[in-house]
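Today I open my notebook on the sheet, the helices packed on it and a few salt bridges.

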Amino acid sequence: MPRCANCGFFSAEPFKFCAQCGAPAAVAPTDEQRKRVTVLFSDVIASTALGESLDPETLRRVLARYFETAKDVVERHGGTVEKFIGDAVMAVFGVPTLHEDDAWRAARAAAALRDAITALNNELASEYGTRLALRIGVNTGEVVTGTDERLATGDAVNLAARLEQAAAPNEILLGEDTLALVRHGVVAEPLEPLPVKGKQKPVSAWRLISVHGKSARERRLDVPMVGRSEE
């Protein structure tokens, strides 16, 4: 089944132009391959209690607003929403298009989503008398991609979900590999190693406080300039 390399749209037939985004001859290989990606999980806390306090139609509208907000934030930072699972969002940064700063994009998206929910809550409180609280996990690692069913499969996905489950309300937890890639562009504080289901040893995690700057790369001002004497 052909897949557009630009937007990830699947088509039942070969195409010269993608029916979703119009990209020319943008057919990505469908063979499975290993990629290093960053996965973001976001979940609404106490959604069961929320369902008891709202009628089904209102709950559906509230969650729809949350999903729309999350999708907009993820795509604006270059990620792809793989699926909505109940009241959770799973997004992948690095599929179908791999960027050298996917971890940085995911960290920025997580922080932006937290801010966006704060703004959305003002609207939800006014319209429906309710607010949402999120918990978010971000993790980087090798996964298998290229299957028709899922964008990414692997332990990195599972660990992102476990970090999300361990987060407190409105908290973002970063995995060790993610922090290593974004440490120069974020403020984060270490947590005690977390016992995680399926892992023999506790895993390291960091609480994301804020994101600053436009890049996670370390700026070096002590490198001498060569061949630039005139300048």
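Predicted model: local features only at pLDDT ≥ 70, side-chain atom pairs only at ≥ 80, totals over all residues.

Strands here are DSSP E runs of at least two residues, helices are H or I runs of at least four, both numbered from the N terminus, and two strands pair if DSSP finds at least two bridges between them.

Residues are numbered from 1 along each chain as its sequence is written, and side-chain values use heavy atoms, leaving out hydrogens and water.

Next I checked E3 (residues 33–44) and E6 (residues 134–145), which pair antiparallel over twelve bridges. Within that pairing, I see Ser42 opposite Ile136 in E6.

Then I turned to salt bridges (a side-chain nitrogen of Lys or Arg within 4 Å of a carboxyl oxygen of Asp or Glu). My search of the whole structure gave twelve. One of them joins Arg36 and Asp177, with the closest N and O atoms 3.7 Å apart. Arg36 sits in strand E3 and Asp177 in helix H5 (residues 176–182), so this pair ties together parts 141 residues apart in sequence.

I also noted Asp155 with Lys199, at 2.6 Å between the closest N and O atoms. That pair links helix H4 (residues 155–166) to the loop between E8 and E9, 44 residues apart.
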